[in-house]
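Here is a structure to question.

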Amino acid sequence: MPTLLVKNIHTLVTMDADRHEIRHGAIFVRDNVIEQVGTTTELPQTADEVLDLRDRHVVLPGLVNTHHHFFQCLTRAVPAAQSCDLFNWLKTLYPIWSNLTAEGVYISAQLAAAELMLSGCTTASDHLYLFPNDCTLDDEIRAIQAIGLRFHASRGSMSVGESQGGLPPDTLVEREPDILNDSQRLIEQYHDADRYAMLRITLAPCSPFSVSQALMRESATMARTYPNVRLHTHLAENKSDVTYSLEKFGMIPGDYAESVGWLGEDVWHAHCVQLSEASIAKFGRTGTGVAHCPCSNMRLASGIAPIRTMLNHGVPVGLGVDGSASNDSGHLLQEARTALLLARVRNCDAAEMTARQALELGTIGGARVLGRDDIGVLAPGMSADFVVVNLDRPQFAGAIHDVVAALIFCQVDRVDYSFINGKKVVDQGRLTTVEMERLVERANQLAQALVDGK
């Protein structure tokens, strides 16, 4: 099995139980698993591959993105949707998304993954919930396997169209038997329940305003017949979402989730901006997770999620960049910084969240939300997923007092190296697994065709 030694690390951020930060650190990897962590003098001095960082870099666990819509990379900054709230934003973009093709799914997935990887992400969950024309989740899976990101592919769905009181147009919804049949196929074809898995499948009916209660219940039943298949959806994203839940189901969103069996350690919900404190307490008691998407929540004027309240109740919380049409960026370190700033603004308290707590959301928090005990920490026996940031850059000038906090406060533009499953996927700031110039060019062509309806 090949070995890798990364040595002479200025500061190694382990995120282990004691939150050790090791000066002059080193990591020794065998195949795809971390074998040793310590100081450079304590670890082996040779390996098949050696990366000497010359005491000028910080190394931290790869970041974990818990919520995204990769296909939306093709509809960033669409003029008609720039000043819309959630429901109007969706209604504006549904007709455009109806033109999506299999190639669009593939290219947008690689583009989104590239952006995430360059910003320090090594594991991501994506929520693909519409399948017009020839689109399948298989297209996205193939794209991500080729680029090398650790991936949780969420089989999303919409089954309740406008004629039935839902939000999406009838042309974009699927029959529920077809959704369930395809969900089972995807699990049995792709899902890897083992430790260190590079690909897992999640069942993810889109939202309370686009699927039936029956589909929610049946999806939960199906997921729980397979090991490590989790459940994901949107919940309580804004006030209109709460109003819809009250009018349609006679329940606030948290009670709706409970009524369809969507509380538990195998479930996580996106946004939860308008979740009541009583519901937050239920999430904490049941281990139900939340994907916090601060930039998207601001972009769509949904509000500021009560993250400190959630953490105080023991709710598992991770970060999500959300769709790149409701965020217009897929930069996960920037998302952590925004989470810190918003937590402080919400209660006008500068002590509401620290930089290291924001970093926890993006690492061990995300790992817990996705049900992973093998990522988010740099320690023996963990997956060899880690990123490297050079301190010799303008953003860190004057920040030598606390280089770990500077990762959050100082707006790092991109990582210098990234290793996923023991393989180098970013080398000196460039992706090794895809040709970026060609990818960007094709994405722009597809984005124009999508908006033009061609």
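Q: Why is Asp 322 called buried in this predicted model?
A: Its relative accessible area is 3%. Buried means under 20%. Asp 322 therefore counts as buried.

Q: Where is Asp 322 found, and what is its phi near?
A: Asp 322 is in the loop between strand E13 (317–319) and helix H11 (332–346). Its phi is near 60°, a positive value in a residue other than glycine.

Q: What makes Arg 19 partly exposed?
A: Its relative accessibility is 33%. Partly exposed lies between the 20% limit for buried and the 50% limit for exposed. So Arg 19 is partly exposed. Arg 19 sits in the loop between strand E1 (3–13) and strand E2 (21–30). Its phi is positive too, near 55°, and Arg 19 is not glycine.

Q: Why does Asp 138 count as buried?
A: Its relative accessibility is 13%. The cut-off is under 20%. Asp 138 is therefore buried. Asp 138 belongs to helix H3 (residues 137–147).

Q: What makes the link between the side chains of Asp 138 and Tyr 190 a polar contact?
A: The distance is 2.7 Å. A polar contact needs N or O atoms within 3.5 Å, one able to donate a hydrogen and the other to accept it. The pair is listed as a polar contact between the two side chains. Leaving aside neighbours within four places in sequence, Asp 138 is in contact with Arg 185, Leu 186, Gln 189 and Tyr 190.

Q: How do you know that the span of helix H1 agrees with its number of residues?
A: Helix H1 (residues 86–97) has 12 residues. At 1.5 Å a residue, they should span 16 Å. The end C-alpha atoms are 15 Å apart, which agrees.

Q: Which residues of H1 are buried, and what covers them?
A: The buried residues are Leu 86, Phe 87, Trp 89, Leu 90, Leu 93, Tyr 94, Ile 96 and Trp 97. Their cover includes helix H6 (239–249), helix H9 (294–299) and helix H14 (436–452).

Q: How many disulfides does a search of the whole structure find?
A: The search finds 0. For Cys 135, the nearest cysteine sulfur is that of Cys 73, 14 Å away. A disulfide needs sulfur atoms within 2.5 Å. Cys 135 is in no disulfide. Cys 206 is in none either, with the sulfur of Cys 293 nearest at 13 Å.

Q: Why are Cys 135 and Cys 206 called buried?
A: Cys 135 has 6% relative accessibility, so it counts as buried. Cys 206 has a relative accessible area of 5% and is buried as well.

Q: How many aromatic pairs are found, and what makes that of Phe 71 and Tyr 129 edge-to-face?
A: The whole structure holds 10 aromatic pairs. Phe 71 and Tyr 129 lie 5.7 Å centre to centre, with 80° between the planes. Pairing needs centres within 6.5 Å, and edge-to-face needs planes over 60 degrees apart. The pair is edge-to-face.

Q: What does the pair of Phe 71 and Tyr 129 tie together?
A: Phe 71 lies in the loop between strand E6 (63–65) and H1, and Tyr 129 in the loop between strand E7 (121–128) and H3, so the pair ties together parts that are 58 residues apart in sequence. Phe 71 is buried at 2%, and Tyr 129 at 3%. Phe 71, Trp 89, Tyr 94, Trp 97 and Tyr 129 form one aromatic cluster.

Technical notes:
Residues numbered from 1 in each chain as written. Predicted model: local features only at pLDDT ≥ 70, side-chain atom pairs only at ≥ 80, totals over all residues. Heavy atoms only, no water. Helix = DSSP H or I, 4+ residues; strand = E, 2+ residues; numbered from the N terminus. Buried < 20%, exposed > 50% of the residue type's maximum accessible area, 1.4 Å probe, protein only. Contact = heavy atoms within 4.5 Å. Expected span 1.5 Å × (residues − 1). Phe/Tyr/Trp six-rings, centres within 6.5 Å; stacked < 30°, edge-to-face > 60°.
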